[in-house]
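Visitor: Please guide me through this structure, giving the criterion behind each term.

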Amino acid sequence: MSQFWLSFGFGLVTASVLAIAAVGLSLQFGITNYINFAYGDFMALGAYLTYYVNAEIFHIDIWVSMVIGSLLMGVFAVGVNHFLLSPFARRFTKSFYVLIVTFGLSLIMLNLLYAIWGSNVRSYNMRIEQVLHIGPFLLTKNQLIVMAISIILMLLVHVMLKTTRLGKSMRAMSDNTTLAMTTGIDTRRVTTVTWFLSGTMAGLAGTVLGITEGNITPGSGELFLFVIFAAVILGGVGSIYGAMAGAVLIGLATEVSAVFINPAYKLDVAFVILVLTLLFRPNGLFAQPGKA
Amino acid sequence: MTSFEEPAITRQGVDEAILSCEGLTKAFGGVNAVNGATFDVPRGKITALIGPNGAGKTTVVNILSGAMKSDSGSMRLGSTDITNWERYKIARLGLMRTFQLSRELSGLTVLENLLAAPKVQAGESLFNIFFRPRLLKREERQNIERATEILRTYGLYDLRDNRARELSGGQKKLLEISRGVMASPSLFLLDEPMAGVNPALIERIGGYILDMKAQGVTVLMIEHNLNIVEKICDNVIVLAEGRTLATGRLSDLRNNPEVVQAYLGEVINAGTGH
Amino acid sequence: MSAFWYYVFTLVFFLFDYFILAMGLNIQYGETGILNFAYIAFVALGAYVTGAVSMPNSVGTGQQYIFGWGIPFPFNLIMGGVAAMVLAFVVALITLRRLRTDYLAMVLISLSLVFYDIVNNYVRLFNGADGLYNVPEPMSGVFHLTLNAFVPFFALVTGAVALILWGVMSRITRSPLGRTFRAIRDDPDVAAALGKGVFRYQLTSMLIGSFYAGVGGGLLIQFGGSFNPTAWLPGETFVVFAVIIVGGVGNNVGLLMGALLVETLLIHLPAFLPNIPGHPGLIEYIDTMVVGVVLMLMLWFRPQGVVPERLRRFPQPAGELANRDGHSVAPPEQSHYVAAITTDDSEPKDAQ
């Protein structure tokens with residue numbers, strides 16, 4: 001039983017990382033209506049930017065570095081949208097083209113990371129934390145901070161969507177872009193801001209993944225991608241709250257499953273859930289009408 | 001309503017329904033786009049489906065062609081219950097449709113657009129491709145001949161080797177209709193076949209629709225232009241707020257106060273001045 | 001045989017093999033519009049199965065793998081192709097019926113990553129991260145070739161296989177079946193409205209393409225004698241996409257061209273460059289980035305590829321042959337009803 005609760009605790013950590021990643025992906029998908037297949041590499045690049053700030057030039061605290069690295073990722077995402085993806089999406093009506101471009105971007109970014117930092121595993125410059133006993137859980141201080149960051153971020157996203165003008169514009173565009181445009185929403189501005197948020201959250205997710213896993217490699221984001229997809233599809237593609245719920249379910253399922261099966265396959269459990277979702281509830285648990 | 005099950009009556013001249021639907025409903029996010037539409041489409045006639053914007057006309061066509069599933073209600077094509085059938089199976093029974101905004105098979109040539117239309121082709125089976133090449137050749141030759149004939153009629157013959165995406169708006173409209181004709185439909189649903197084309201072309205399309213009728217094709221068309229409806233349609237179904245308001249001849253409906261109030265009033269008066 | 005010819009025939013092998021792989025992906029993506037981001041997983045399965053069925057029983061080989069039946073060439077290759085088809089069948093049943101293009105791509109790329117994870121971790125399947133090695137040389141019992149003779153020999157065998165598969169593929173793409181595939185690619189809703197069972201045709205296309213993927217993979221493992229998981233990360237799928245997009249989607253000659261330009265010149269030729277001292281692998285990384293950039297530039301400036309999809313013209317019916325210039329001069333036939341409703345005498349030629 002204690003084994004179960006231990007895993008449950010790890011599951012909450014994974015869920016926290018996953019929630020940041022999944023919400024970042026969903027925000028952008030809701031607005032642009034295509035999947036960013038380079039998202040995993042956005043995460044990895046964010047993790048490395050943090051690493052650069054934290055361990056290579058400034059040697060400053062990991063959490064401060066994380067903020068800097070993530071914001072840089074946000075700026076990067078805006079640039080990618082402005083100079084690459086948005087022109088393709090506007091020019092070609094078929095979504096094939098822009099999807100292939102994001103796929104290609106993924107390959108370019110991955111190899112860029114390899115070219116700059118090599119294939120060796122890197123670790124952040126941070127203190128080794130004592131493991132704390134909290135109820136039945138066994139967690140480090142850093143893992144607790146990651147969970148706190150995730151929860152705060154989810155609340156912020158919720159408040160933004162429900163109360164701010166930007167959030168309302170985003171929801172309107174997610175429902176119907178053309179209609180939103182005719183009601184006077186500056187769709188370009190909203191798109192830019194969304195890419196910034198999506199990039200920042202990818203950077204955050206990549207960094208906290210590196211912190212909780214203890215290391216980063218150029219391929220770590222890419223291999224995490226299908227877990228994010230599983231969370232997003234389980235929650236219903238395009239639904240922000242669905243992404244949060246999907247992240248929690250997938251995060252818990254993958255870690256708790258490690259009690260029962262070989263931990264090497266724990267992430268594959270996410271794929272099994274993905275397939276089951278497709279078979280029995282293809283629109284996800286919280287489907288948005290018209291998005292499937 | 002079920003008169004088509006009685007061939008004797010049919011022969012006596014009572015309209016036989018090729019399509020009948022009852023109590024169709026469809027809601028989008030709590031809004032009832034179609035709300036109990038019930039009507040028959042008489043065989044061998046041209047029927048217009050009219051109604052104010054948002055009456056649910058296109059949704060009805062989408063349901064009838066299987067592109068959407070209705071929330072409730074039933075529909076029959078001939079004597080077959082096709083409620084909630086998959087759209088390609090409905091098409092194979094002989095129900096063809098066009099789309100409000102023409103949808104050409106853009107990368108195919110004009111001729112290929114038509115050649116793709118026949119519902120079941122021997123040449124679509126891998127076995128036949130490799131083991132019955134002569135059957136394929138014969139079938140293809142027949143299809144090309146027929147397609148050529150149709151393209152001539154529709155004035156698209158010179159464009160046969162052009163990619164469909166290169167056509168003008170009016171040409172795309174014609175292509176879409178001729179593609180449907182190529183599939184030899186028994187019932188042809190036309191979603192605003194004359195919207196957005198010039199007056200000369202409107203007349204031509206009207207002629208083609210009458211041609212179809214002469215060849216025994218039943219037509220159900222969504223149309224806003226009541227002049228056209230008056231000229232070529234035998235029968236009118238009025239849809240308002242997702243319900244069937246009335247059916248009958250346009251001239252009779254003009255005197256129906258309900259219809260006039262819901263939709264027709266001004267338009268009819270404007271139309272009669274023509 | 002000098003080292004030079006050894007390299008040349010290595011390039012020739014990759015040219016033909018990627019031509020086969022490109023034909024398989026082209027029928028799925030280029031002809032039918034299925035964005036198969038898991039393509040390389042089908043290639044890998046074909047490679048592993050081809051290898052594992054042709055190797056002797058695993059006991060005592062120092063490797064762990066299933067099968068081990070000692071099946072000779074070319075039957076092992078066919079089994080590799082069929083294995084890829086079986087995977088495609090299962091995947092198609094789960095995904096094709098319900099998903100929009102980009103969700104399908106999401107699921108497929110996930111599948112590719114998971115398959116990778118499983119093969120890597122579950123050592124008893126295909127020897128885990130070490131991959132299969134010492135795969136028997138095809139037809140070694142017949143010819144007893146040295147390594148230097150084997151390379152040109154097998155490059156030509158692959159060329160012959162590619163030629164056969166090319167013949168089969170162009171027969172399919174020229175047929176009404178190919179036309180229906182392209183109709184689905186252009187607009188699945190219209191195809192369905194014309195009575196085409198879209199799912200059935202997409203499934204057919206997936207199966208055909210996967211067979212090509214499996215055979216291409218089988219040839220890879222037979223050529224190199226080994227195959228391990230690093231050979232089929234998702235990036236490799238992208239290379240095949242680059243081949244067909246650069247060469248020309250929907251044109252078999254274009255695919256051969258794409259295989260030459262991308263696989264042979266861009267990917268394999270730089271592999272012969274000496275490494276930059278102190279930066280192992282740097283050339284390869286830069287090279288892969290170049291492939292990505294080239295593909296984006298192609299998509300933007302020449303989306304139809306180097307050799308575009310050709311217009312499929314048909315011989316005109318007999319009556320028309322007399323008309324040498326290929327254009328009918330007659331105006332469209334007037335419907336005899338038109339006169340009845342025509343109010344003005346406007347020209348029958350249609351306009352915007």
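Visitor: What is the strand order of the open sheet of four strands in chain B, and which pairing does it have?

Guide: The order is β2-β1-β4-β5 in chain B, with antiparallel pairing. Strands are DSSP runs of E of at least two residues, and helices are runs of H or I of at least four, numbered from the N terminus. This is a predicted model, where local features need pLDDT of at least 70, side-chain atom pairs count only at pLDDT 80 or more, and totals for chains, interfaces and linings use all residues. Residues are numbered from 1 along each chain as its sequence is written, while chains are lettered from A and ligands numbered from 1 in the order in which they are written.

Visitor: Why do β2 and β5 of chain B stand at the edges?

Guide: Each has a single partner strand, so one side of β2 (31-42) and one side of β5 (80-81) lack a neighbour in the sheet.

Visitor: What makes β4(B) and β5(B) a pair?

Guide: Pairing requires that DSSP find at least two bridges between two strands. Strand β4 (residues 72-77) of chain B and β5(B) have two bridges, in the antiparallel sense. Leu77(B) lies opposite Thr80(B) of β5(B).

Visitor: What makes α10(A) mostly covered?

Guide: A residue is buried if 20 or more other C-beta atoms, placed from the backbone, lie within 10 Å of its own, exposed if 12 or fewer, and partly exposed in between. In α10(A), 15 of 21 residues are buried.
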